[in-house]
Amino acid sequence: MNESGKSDDVVVAKKSANKNGQLETESTLAEQVEPSTLTKGNEKQRNTLQTQGWESVQSKLQLVHQRAKEDKKGQFTALLHHIYNVDILKAAYFKIKRSAAPGVDKETWLSYGENLETNIQNLSERLKQGAYRAKPVRRVYIPKPNGEQRPLGVTTLEDKIVQRATVEVLNAVYEADFIGFSYGFRPGSSQHKALDALSAALITKKVGWVLDADIRNYFGSISHEWLVKFIEHRIADKRVVRLIQKWLNAGVLEDGEVTYDEAGAPQGASVSPLLSNIYLHYVYDLWVQQWREKQARGEVIVVRFADDSVVGFQHKSDAERFLKELKERFQKFGLELHPEKTRLIEFGRFAARRREERGEAKPETFTFLGFTHICGTGRNGKFKVMRQTIRKKMQAKIKELKSEMIRRMHEPIREVGEWLKKVVSGHNQYFGVPDNAAALNLFRYKVYWSWRRVLMRRSQKGYITWEKMRKLTDRWLPKPRICHPHPLTRFCVRTQGRSPVR
């Protein structure tokens with residue numbers, strides 16, 4: 001978008017000739033197209049047009065990404081026109097869950113879609129003219145396994161649309177910057193890629209000590225002032241920065257009262273994961289990378305997923321010095337390590353033997369992304385990392401399922417069975433890793449036992465024979481299945497010999 005406010009729709013990123021070394025864009029004015037009035041019978045044509053529009057947006061964002069890779073220190077001065085592009089706003093709308101809870105305006109996905117073309121066009125115009133206003137976030141709470149309450153922010157539908165579009169555009173820039181050991185909430189990344197990287201590094205690298213670091217109330221502690229400064233390292237388009245500030249300063253609605261904070265990003269907002277990654281990229285990732293290159297005496301491995309990170313060290317002295325300096329680093333940016341959840345333990349290939357020689361117990365375990373990591377040995381006697389479902393998380397899940405089954409007590413068995421089938425299948429899909437078969441069996445048994453007790457409470461004559469229950473179980477509860485290969489095998493194939501913690 002040029003300084004006069006006219007729409008620039010076809011973008012080729014090109015380095016500017018100004019003295020500041022900023023990245024600007026060469027553009028041609030977009031051809032103005034009347035809104036489509038396709039009938040329901042032309043749904044195929046509608047989908048084709050949407051696909052073509054999205055492919056056009058993707059090609060432009062690819063050019064932005066390429067320029068970001070070529071100039072790591074350059075700034076982008078014109079990005080807003082990508083965000084208010086009608087095609088990207090439509091694509092963002094269709095990526096929102098249809099059943100998502102409404103925000104303070106009570107607007108649902110279906111009601112907004114009844115007049116989608118007009119609503120999206122109107123939203124685009126407001127973004128272009130600077131008339132868009134972010135609405136307060138509605139706060140809700142969900143229970144955590146430890147009995148505490150986790151605050152979540154429910155944004156309005158239009159805020160979700162604009163945030164998703166913004167994330168799509170900013171990802172084109174920041175995916176060129178983010179470091180390989182950062183896995184959380186990134187395109188093409190996942191929890192299992194982070195788990196694979198960690199296991200492969202613990203097996204192949206000289207790791208003797210592990211720091212399991214957890215940040216206390218991370219999303220609520222992000223400094224708005226520092227976050228804006230970090231964003232401005234790359235984004236010189238003031239309109240995009242102001243857009244982000246609108247969300248940060250929109251306030252939180254709770255018990256009918258709106259409050260405003262100078263820190264924090266609401267969990268649940270579409271833009272929060274990206275903003276949290278940007279914050280930790282500058283506060284943590286770049287610092288860790290420099291620390292292990294210039295200060296560590298031995299090998300150091302790092303895997304981070306959102307605010308949860310695991311750092312492995314060859315030497316205990318490195319680990320202790322790192323932990324001390326990390327606390328000081330975090331304090332500067334308003335963050336704090338959780339004293340109870342942050343632990344330095346002896347762990348790795350030689351941990352068991354060394355502890356046995358000293359007359360000490362087996363190595364301690366640590367948790368990461370739902371799994372307890374344990375020092376073990378394979379059939380060949382070599383070291384391996386065993387991963388098992390965290391017991392507390394499994395117990396909390398079973399308790400949650402019990403409550404839901406009681407609520408569904410008088411629904412037809414078929415409907416409850418179909419629901420339980422999805423639950424158990426999803427559990428197997430995530431926790432079905434090598435060495436975790438026993439935990440998978442236990443989860444299925446607990447579901448089976450809870451279901452039988454609920455069925456027997458349906459009436460005074462509701463006794464369920466073991467034979468009938470076995471048939472129901474075989475039909476609706478999928479058997480445990482290892483869905484993931486050995487992490488070292490899959491990770492080496494994916495990285496083709498590169499370091500597990502790039």
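Visitor: What makes Val311 count as buried or exposed?

Guide: A residue is called buried when its relative accessible area is under 20%. Val311 has a relative accessibility of 0%, and therefore it counts as buried.

Visitor: Which residues does Val311 touch?

Guide: Leaving aside residues up to four places away in sequence, Val311 touches Trp209, Val210, Leu211, Tyr284, Val300, Ile301, Val302 and Phe322.

Visitor: How do you know whether Ser276 is buried or exposed?

Guide: The cut-off for a buried residue is under 20%. Ser276 stands at 2% relative accessibility, so it counts as buried. Ser276 is part of helix α11, residues 272-294. Beyond residues up to four places away in sequence, Ser276 touches Tyr218, Phe219 and Ile222.

Visitor: How much of the chain counts as buried?

Guide: The chain has 502 residues, of which 47% count as buried. The chain contains 18 helices and 14 strands. Among contacts between residues at least 6 apart in sequence, 72% join residues at least 24 apart.

Visitor: What makes the phi of Asn217 worth a remark?

Guide: Most residues other than glycine have a negative phi. Asn217 is not a glycine, yet its phi is positive, near 45°. Asn217 sits in the loop between β6 (209-214) and α8 (218-221).

Visitor: Why is Asn217 called exposed?

Guide: Exposed means over 50% relative accessible area. Asn217 has 52% relative accessibility, and therefore it counts as exposed.

Visitor: What is the phi of Phe185, and where is this residue placed?

Guide: Phe185 is not a glycine either, and it has a positive phi of about 55°. Phe185 is placed in the loop between α6 (157-174) and α7 (191-204).

Visitor: Why is Phe185 called partly exposed?

Guide: The term covers values between the limits of 20% and 50%. The relative accessible area of Phe185 is 46%, so this residue is partly exposed.

Visitor: Why are helices α14 and α15 called roughly antiparallel?

Guide: The axes of α14 (residues 391-407) and α15 (residues 413-431) cross at roughly 170° and come within 12 Å. Angles over 145 degrees count as roughly antiparallel. The two helices, α14 and α15, are therefore roughly antiparallel to each other.

Visitor: Which residues make the contact of α14 with α15?

Guide: From α14, Lys397, Leu401, Glu404 and Met405 meet Trp419, Leu420 and Val423 of α15. The residues of this contact comprise five nonpolar, no polar and two charged.

Visitor: What makes β5 and β8 edge strands?

Guide: They belong to an open sheet of four strands in the order β5-β4-β7-β8, with mixed pairing. β5 (149-154) and β8 (257-259) each have a single partner strand, so one side of each is left without a neighbour in the sheet. From one strand to the next, the twist of this sheet averages 40°.

Visitor: How do you know that β4 and β5 are paired?

Guide: Two strands pair if there are at least two bridges between them. Strand β4 (residues 137-143) is joined to β5 by six bridges, and the two run antiparallel. Ile142 stands opposite Arg150 in β5.

Visitor: How confident is the prediction, as given by the pLDDT?

Guide: The average pLDDT of the chain is 86, and 86% of the residues score at least 70. Over residues 1-21, however, the pLDDT is below 50. Residues 24-41 also have a pLDDT below 50. Where pLDDT is low, the predicted coordinates should not be read in detail.

Technical notes
Residues are numbered from 1 along each chain as its sequence is written. This is a predicted model: local features need pLDDT of at least 70, side-chain atom pairs count only at pLDDT 80 or more; totals for chains, interfaces and linings use all residues. Side-chain values use heavy atoms; hydrogens and water are left out. pLDDT is the predictor's confidence in each residue, from 0 to 100. Contact means heavy atoms within 4.5 Å. Axes are lines fitted to C-alpha atoms, for helices over the stretch in contact, and angles run from 0 to 180 degrees between N-to-C directions. Angles under 35 degrees count as roughly parallel, over 145 as roughly antiparallel, 65 to 115 as roughly perpendicular and the rest as oblique. Ala, Val, Leu, Ile, Met, Phe, Trp, Tyr, Cys and Pro count as nonpolar, Asp, Glu, Lys and Arg as charged, and the others, Gly among them, as polar. Buried means under 20% relative accessible area, exposed over 50%, partly exposed in between (1.4 Å probe, protein chains only).
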